[in-house]
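Open the model in your viewer and have the selection panel ready. The stops below go chain by chain.

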Amino acid sequence: MSVTNRKGLDYWLPKLVLSPTIAITVIFIYGFVIWTAVLSFTRSRILPQYEFVGFEQYVRLFANDRWLGAMSNLLIFGVLFIAICLIVGLVLAILLDQNIRAEGALRTIYLYPMALSFIVTGTVWKWLLNPTVGIERFMISLGWESFVFDWIVNPQMAIYTIVIAGVWQASGFVMAIFLAGLRGIDTSIIKAAQLDGASLFSVYTRIIIPSMRPVFFSAFIMLAHIAIKSFDLIIALTGGGPGNSTDVPAIFMYQFSFQRGQLGMGAASAIVMLMTVLAILVPYLYSELRTPKNG
Amino acid sequence: MAKMSERRYSEITGRAVLYGILIIVAAYYLVPLLIMIMTSFRSMDEIRMGQLIELPRSFTLDAWHQAWNQVQIGARDELGLRPYFINSIKMVIPAVAISTILGALNGYVLSFWKFRGSELFFAALLLGCFLPFQAILLPQSQLLGWLGLTGSISGLVLTHVVYGVSFTTLFFRNYYVNLPGELIKAAKLDGAGFWMIFFRIILPLSSPILVVTVIWQFTQIWNDFLFGVVFSDPSSQPVTVGLNNMVNSTTGETRYNVDMAGAIIAALPTILVYVLAGKYFVRGLTAGSVKG
Amino acid sequence: MAELKIENVNKSFGETHILKGINLDIPDGEFVILVGPSGCGKSTLLNCVAGLEEVTSGAIRLGDKDMTRVAPKDRDIAMVFQSYALYPNMNVYKNIAFGLEIRKMPKAEIQAEVSRVAKLLQIEHMLDRKPSQLSGGQRQRVAMGRALARRPQIYLFDEPLSNLDAKLRVEMRTEMKKLHQRLATTIVYVTHDQIEAMTLADRIAVMKDGIVQQFGTPQEVYDDPANIFVAGFMGSPSMNFLECEVSRVDDGFAVEVVSEAQSYLLPVDPNQADLSGYEGKRVILGIRPEQITHVMPHVAEQPFVTKVTVKIEVVEPTGADTLVLARINDQECECRVHPTESGQPGEMMDMLFNMSKAVFFDPKTEDRL
């Protein structure tokens with residue numbers, strides 16, 4: 001039998017196999033983020049150029065009304081989208097957890113929008129919300145003559161239509177996460193609580209929901225991530241309009257970088273978006289790594 | 001006795017209310033899909049006379065023909081969504097295949113052939129799962145320019161592979177670390193090497209996660225819009241971009257039935273996957289959110 | 001078949017030292033058991049022998065070959081794992097044949113070898129089943145079959161019986177002993193179960209904190225423990241440890257015990273320990289429960305036997321014997337009596353303390369005196 005040294009094929013093969021991905025990570029993820037950061041400190045307009053101007057692009061960015069509007073829209077959309085998705089998802093999961101006969105079928109129905117492209121979702125809701133053909137028209141045809149539901153063409157209200165469509169698409173997914181969390185709870189705890197005389201309601205509010213904190217957390221992270229990246233849904237639903245009333249950072253970044261020749265400012269806005277994601281993510285990862293595995 | 005029956009009575013109404021709520025919610029999720037389907041089979045004359053939300057009185061495949069290969073989208077010669085649909089297929093197959101293979105190999109190495117720094121690398125790679133892609137759009141478009149891949153399907157494939165590999169690696173790695181490590185030890189003592197263990201032991205055990213990953217990547221890449229709109233030109237745009245251009249072209253009257261048929265065409269592959277393999281689709285979603 | 005030499009092996013993960021200078025000489029054909037509490041390093045040592053983990057320093061020799069840096073597949077070692085580690089995608093036949101196939105053995109020979117092993121372990125009828133269709137005991141047999149098929153120089157077992165239920169475990173223990181007697185190959189076997197160690201081993205290495213505390217035959221380890229840890233780890237119920245004072249009596253030494261306000265001097269057998277330096281100081285007396293029994297006339301007359309009256313606190317019948325928990329020197333002390341002789345809790349009872357097998361430890365170093 002041949003005796004090979006340890007540092008033979010099996011020593012460097014794993015490293016070789018991993019090397020393309022290491023290259024991808026170094027270049028396409030970290031390298032490109034740094035590159036974008038560098039661009040954000042330059043005077044770049046239509047083409048990248050490397051004349052550094054310090055924080056000027058950031059100053060211009062935060063003096064730009066469209067950007068400030070985009071940020072406040074993201075805040076409104078993000079808070080409502082996350083909160084409603086969490087509530088709807090949790091309630092649906094709890095309702096579905098009551099030994100429902102057709103659970104499988106209902107779950108399938110609740111979750112299917114997640115398989116759709118945001119562009120498809122946007123297209124459908126664009127026409128449903130359109131006052132001249134959609135829901136408003138339908139209600140009027142039922143005889144409710146004074147019914148008005150024109151949010152999508154109303155600059156004050158248009159951002160809420162994004163929430164409606166976003167919740168429609170993502171709440172089933174939150175339901176799935178919560179349902180998995182509910183099913184993962186040790187049933188003997190629930191039995192013990194019932195023997196202690198707790199009602200079903202207090203079993204949920206006092207024991208089950210508090211013990212799902214990690215699930216809440218990861219659902220929150222996923223939703224926040226979807227909200228900050230949201231681009232396609234808004235493009236398809238309102239195109240950022242009416243006016244700039246549904247502008248969000250992702251659209252701002254796209255338009256300033258690729259349509260208006262403001263690469264430097266586009267890069268600065270991208271870095272601000274990244275920082276927002278990290279600001280949410282880092283505390284999460286930190287607590288995740290610190291606490292020993294829960295379940 | 002009276003108390004018993006009273007309790008039973010309230011229990012039954014409770015169940016009825018419960019099912020009622022669940023069915024109403026189901027309707028909320030289903031109605032947009034139903035309207036989409038119904039509208040796509042109606043004629044424009046009928047819609048013009050009435051509205052979107054009503055039962056169809058006519059049935060025609062005209063809108064589907066229009067959306068598929070007759071409607072003028074932008075300024076390109078070929079008509080309809082058909083060329084975009086073909087672009088999406090050309091893009092999604094290699095991108096899913098390459099990113100899945102890479103993910104499987106990475107997961108295998110990161111679970112069973114750890115070396116100094118491999119854990120750190122895995123942690124570093126996870127940023128890719130959370131990266132807002134806006135932060136890499138500018139350098140990536142520059143790089144594609146240098147490689148001569150701007151506006152090509154190959155460029156899109158490259159982009160999707162590069163930014164999908166974080167997720168595929170996460171999936172496979174989290175699946176593999178739950179396989180018993182003694183399996184690998186036993187195989188090593190049996191004399192098997194790196195590739196032998198992968199192909200003879202690990203890969204045959206990977207079918208569940210393979211399905212999850214392929215479905216996840218397929219839906220992600222098929223449904224992508226951002227990379228499609230930034231990195232492609234009319235000859236290589238995927239179907240999501242095609243649909244958006246079709247719906248938002250401002251010329252002439254809005255043809256709701258054609259838009260709806262187009263939306264269904266764009267959604268059909270992922271809906272089909274969802275219907276056929278929903279279990280794995282859900283597993284992918286939750287695997288992506290709840291890290292193991 | 002070959003002898004195994006483990007020479008000054010150290011293993012550390014960063015700052016944590018798992019193995020601290022392990023030396024073991026295992027002659028050809030010996031059944032050696034590594035036993036110790038979890039975290040003592042016994043499994044790590046086994047993995048180092050297999051080559052699945054690299055040693056930080058030291059050497060591992062098999063026969064006359066230095067195996068320290070040799071890849072596991074080239075060490076000619078077979079291992080049976082706690083989880084059995086059967087390949088779930090292969091049937092029993094394939095599981096056993098896999099290692100032979102990789103070593104490019106001709107098909108006909110593989111077939112012959114698999115059927116030999118299957119016959120030996122009585123698993124012929126399940127060769128085309130998948131591991132998931134087997135019971136725990138059957139999986140265990142297949143795992144052994146996989147190891148046996150290669151006819152390696154040495155077998156390693158990593159807690160192979162710990163996933164079986166109690167009854168099956170006893171059965172498999174006997175079978176394993178028979179198998180070793182028939183094959184007469186070198187076996188290194190890891191377990192945390194001291195009964196398994198006692199019953200199976202030719203020699204036992206008791207480990208704690210990465211150090212071999214004692215390496216000897218089961219009887220040596222049981223009768224002559226090197227320190228309090230070994231004494232307490234081996235044997236069930238565990239040895240009693242009573243701290244007591246040494247005093248001089250006519251022709252030797254005695255230790256003082258107090259029960260129910262009555263003081264007794266237990267004479268020390270000079271063959272067991274020389275306590276000359278400890279007069280007036282405290283030592284730890286180690287005495288096994290079976291050395292404290294109810295009064296039997298033929299025992300009472302033996303030298304170094306003393307009658308002590310104790311108060312019964314708890315009675316635990318085990319069937320064959322009854323364990324009586326009493327309080328001596330304000331410490332718990334377990335005695336083993338015949339079921340019919342035991343009293344009730346709260347009653348007084350006379351016990352014979354037989355000191356001819358008692359051992360003594362230094363209270364500070366915990367080493368044997």
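Which share of the contacts in chain B with a separation of 6 or more comes from residues 24 or more positions apart? In this predicted model, such residues account for 75% of those contacts.

**Stop 1: chain B**

Turn the view along the principal axes: the C-alpha trace of chain B spans about 80 × 75 × 35 Å. Of the 292 residues in chain B, 51% are buried.

**Stop 2: where chain C meets chain B**

Chain C puts in 17 residues and chain B 14 residues. On the side of chain C that touches chain B, the elements that give two or more residues are β6 (77-80) and α2 (92-102) of chain C. Colour that side by class and you will find 12 nonpolar, three polar and two charged residues.

**Stop 3: the two domains of chain C**

The domain assignment gives domain 1 as 4-233 and domain 2 as 240-361. How far apart are the centres of domain 1 of chain C and domain 2 of chain C? Taken over C-alpha atoms, the separation is 40 Å. The contact between them takes five residues from domain 1 of chain C and six residues from domain 2 of chain C. On the domain 1 side of this contact in chain C, three residues are nonpolar, one is polar and one is charged.

**Stop 4: a sheet in chain C**

Select the strands β13, β12, β11, β14 and β21 of chain C. In that order they form an open sheet of five strands with antiparallel pairing. At the edges stand β13 (262-267) and β21 (359-361) of chain C; each has a single partner strand, so one side of each is left without a neighbour in the sheet. On average, and with direction ignored, neighbouring strands of this sheet are turned by 45 degrees against each other.

Zoom in on strand β11 (residues 240-249) and strand β14 (residues 282-287) of chain C, which pair in the antiparallel sense over six bridges. To end the tour, pick C:E243 and show its bridge partner in β14(C), C:I284.

Definitions and conventions: Residues are numbered from 1 along each chain as its sequence is written. Chains are lettered from A and ligands numbered from 1 in the order in which they are written. This is a predicted model: local features need pLDDT of at least 70, side-chain atom pairs count only at pLDDT 80 or more; totals for chains, interfaces and linings use all residues. Domain bounds come from an automatic or database domain assignment. Two residues are in contact if their C-beta atoms, placed from the backbone, lie within 7 Å. Ala, Val, Leu, Ile, Met, Phe, Trp, Tyr, Cys and Pro count as nonpolar, Asp, Glu, Lys and Arg as charged, and the others, Gly among them, as polar. A residue is buried if 20 or more other C-beta atoms lie within 10 Å of its own, exposed if 12 or fewer, and partly exposed in between; C-beta atoms are placed from the backbone. Two strands pair if DSSP finds at least two bridges between them. Helices (H or I, at least four residues) and strands (E, at least two) are DSSP runs, numbered from the N terminus. Axes are lines fitted to C-alpha atoms, for helices over the stretch in contact, and angles run from 0 to 180 degrees between N-to-C directions.
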